[in-house]
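Biologist: Hi! I'm new to this one, could you walk me through it?
Modeller: Happy to, let's have a look together.
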Amino acid sequence: MKKVTVECEFGGRTLSLTSGELAKQASGSMLIQYGETVVFVAAQTGPSRPGTNFFPLTVDYRERLAAAGRFAGGYLKREGRPTTREILTCRLTDRPLRPLFPKGFRDEVQVMSNVMSCDGENLPDVLSITGSSAALRISGMPFRGPIAAVRIGMIDGELILMPTVQQMEESTLDLIVAGSNKSILMIEGFAQQLPEKEMGDAIMFAHGHIKTLCKLQEELASKMGIAPVVIPEPAVNPFAAKLADSFEKIKAAKATRMKQERGEALSAVKAELLGKYFPDEATETADGLTREQFSDAFYALEAKAVRALILAGTRLDGRGVADLRGVKSQVSVLPRVHGSSVFTRGETQSLATVTLGTTRDKQRSDGLFGEFSERFMLHYYFPSFSVGECRPIRGPGRREIGHGCLAERSLAAVIPSEEKFPYTIRVISDILESNGSSSMASVCSATLSLMDAGVPILQPVAGISIGIVDEGDKWTLLTDIMGDEDHFGDMDFKIAGTGRGVTGIQLDLKNDGISEEIIRATLEQALKARKELLREMLTAIRRPRQSVSANAPKLVQTSINPEKIGLLIGPGGKTIRAIQEESGATIDIAETGVVTISAANAEAADAALARIEALTEDIQPGRIYKGKVTSIKDFGAFIEIAPGKDGLCHISELSDGFVKNVNDVCKIGDILEVKVIAVDDQNRVKLSRKAVLAEQGGGEDADAPVEFDDED
C-alpha cells in the first residue's frame, strides 16, 4: 500500500489526511494534521467473542505531553490513567461512530487516537472524530461513514469555524458537531445563555463545513481504491414468527405506568413464553432453536411494541408527548453542609450538596496546554441501587465523568466571577433513583443547592432530555424521556439553560442522523419544558440566599500594590506568618496583588484584613492606628503603626494634660492608639494620642484623682 495524502483549506489553515505509511498491520490507520497539531488514529477489528450480544466497540484517546514538548509534573514522568479531558474525548469520538455499524455486527472493534504533535493553537480533540472516521472508512469494516466533526466558536456574535485556543478564551460558545453528508449525528456544546434560534443556526453552520471533510475522506478512499464494505442482512430469526401472536401481551405489559411494575409484567410474559418453548428449562426446542434466538426475538418485539405505542400517541406512563413527569424541589435538606437540595422528576431523583472552600481548594490539573486550576466542580455519582441493581463499588466510570462534566459545564455560565464571589465551589450530585436523564436532574438539583448555599448565580438553570421515535415518514418528539423510551427510541437530546437561552447541549443518537427540522423542533420543545421546570424549582427557593452558610469559611478579599507583596510576606515569610498566627486566619496572595483571607469566623478575617491594610496601605492623615512604642526620647515616643512604619508622637501629644516625662505615660513595648495628624514631604509621620483620647470622650485622666507634682 502506497502513501496517500489529501488536503484542503479549512478555517484558514490546512487540514490533511495521510494513510499508507504508518501502522500497516492495523485494519486502518490515519494521520490527521491541522496546522501543526497531529493526531494518529488506528482502527482494528477482530473476531467476536462467544456469547456476545452487543457491538463491542472500544474507543481510546490519549494526549501525551511530549506532543507539546512538555514533561509531566511530579515524580512520575510516564502517563498514567486517562485525564478527564481524555475520557470526555473518548466519549465524543465513540458517540457518532457507534450508530454507523450495521445491526447484528458483533466483531470486536478498537479505535485508538494519540495526539502526536500539538502546536498550542489548534485543539486536537475534535480531530480525533474525523481521523477515526477516515481510518474506519479504509479499514474494510462495514462502517457506514464517512462522518466528520468541527468545533464552532462565537466572538462578538460572529460564528467562527475551528477557533484557536486563544480565540476560545474569548468565545461565548464552545460547540462540537459531528455528522455525515446528510444529517447530524452528535452535538456537544456549551454557551453563555445562547437563544435557541442562534444555537440552531450554529449547528447548521457547522453541518455545512462537515460536508467538506466528508468529501475529503471519500477522495482519500478513492485514491486508495477502497470501496465501501456492505455485509448481507442477518437471517430472519425463526422465533420472530412464533412470538408474533404475543405482540399485544408485550405491548400491554410495556404500557404499565411504574418502572418496577412494568418490568415485572414483562417478565411474566417472557416467563410464560419460555415455559411454552423450553419446558423443564430445556436449552433448545424440538426443532433446534436456542434460548439466544428466543431472547433476540423477544427483545426485537419489545422494541417494536414500545415504538408502536409512542407513534400511536401513547407513552408508557400515560403522559402526553410534551408532558413532564411530576416534579418536586426541596432545599436545606441536610444540616452542616453549606447547601443542599433534592430534585425529583418522576422516578429520577438527585440529592445535591455544595461545599464552599478557599483558593487552596481549587482543582489543579496538567495537560497539553499547561497547568490550570478550576474553582467550580460538579461530581456525579450513580450507585447501583438507584436502578435496583447490585454491583461492586468502583471508581467513577466514563459515564459518571461524562454526565458530571455535562452538568458542570451547563452551570459554569452562571457561576459568579472570582472577584465577586471568591469561594471555590464543589457540588456533588448523588443519584438516588434513576429512570431517565439523571444528568439533567443533576443540573436542576445543583442549581437549587447553589442558591441554598448563598452562591449568587446569575440565573437559575434547568435541564431536560428530549427523545424521538423516528420511522422515516413519521416521527414523534418526547419530552422528559424515561429509560425505556431512551433505550428503545432513537435519540437522547439533552438541553440545559436559563429562561434566556441555552448553556449546555448534548445529542446522542441510535440511528444514522437527524435533520434540521428535528433539531429546531427539539430546541423549541425543550425551551417550553425548561421554563416549566424553572417555575417549579423556584417555588422551593426564589433567589440565592443573602449570605453563605454559617458553616462555610468566611472569605474576604482586598487588593494591594503588587510591589508590596514582599513587604506583606516579610523576610522568610515572617510577617505573613505572624498575621496568620495572631488572627487565626489563612492568607493567600496572588501575583496580581489580590489577597484572599479565609477564616472560621468574621472576627478573625476582619482582624487579618485590618493588619494587612495597615501594613500595605499608605499612611493616611486622620486615621487611627494601633501601634507599639519602639523608642522613647526626651521630646516624645516613636510608635510603629505598621511593620516598618513608625511616627513620632511628641510629648505634647501624648496626653490631655501636661506631661513632664514621656516615661510617665508610656514605656517601650506598650500598645497605644494614635491618630495620624500629619505626613510631611519627607514622609515623616506625626502622631497624636491626645486626639484619640479626645474622640473617646475626655481622655484617660478625666476620672483620675488629682495629684500634685513633686516640684509643687
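Biologist: Let's start with Arg391: is it buried, partly exposed or exposed?
Modeller: This is a predicted model, and in it Arg391 has a relative accessible area of 41%, so it counts as partly exposed.

Biologist: Which residue does Arg391 form a salt bridge with?
Modeller: With Glu389, and the closest N and O atoms are 2.6 Å apart. Glu389 is partly exposed, at 40% relative accessibility.

Biologist: How many salt bridges turn up in the whole structure?
Modeller: The search finds 41. One of them pairs Glu196 with Arg530, with 2.7 Å between the closest N and O atoms.

Biologist: What does the pair of Glu196 and Arg530 tie together?
Modeller: Glu196 sits in helix H4 and Arg530 in helix H12, so the pair ties together parts 334 residues apart in sequence. Both Glu196 and Arg530 are buried.

Biologist: And Lys254, what is its salt-bridge partner?
Modeller: That's Asp484, with the closest N and O atoms 2.8 Å apart. Here helix H6, which holds Lys254, is linked to helix H11, which holds Asp484, and the two residues are 230 apart in the chain. Lys254 is at 2% relative accessibility, so it counts as buried.

Biologist: New topic: at what angle do H6 and H8 pack?
Modeller: About 60 degrees, and their axes are 9 Å apart. The crossing is right-handed.

Biologist: Which residues of H6 make that contact?
Modeller: Phe247, Ile250, Lys251 and Lys254, meeting H8 residues that include Phe298, Leu301 and Glu302.

Technical notes
Residues numbered from 1 in each chain as written. Predicted model: local features only at pLDDT ≥ 70, side-chain atom pairs only at ≥ 80, totals over all residues. Heavy atoms only, no water. Axes fitted to C-alpha atoms, helices over the stretch in contact; angles between N-to-C directions. Helix = DSSP H or I, 4+ residues; strand = E, 2+ residues; numbered from the N terminus. Left-handed = near helix turned anticlockwise from the far one by under 90°. Contact = heavy atoms within 4.5 Å. Salt bridge = Lys/Arg side-chain N within 4 Å of Asp/Glu carboxyl O. Buried < 20%, exposed > 50% of the residue type's maximum accessible area, 1.4 Å probe, protein only.
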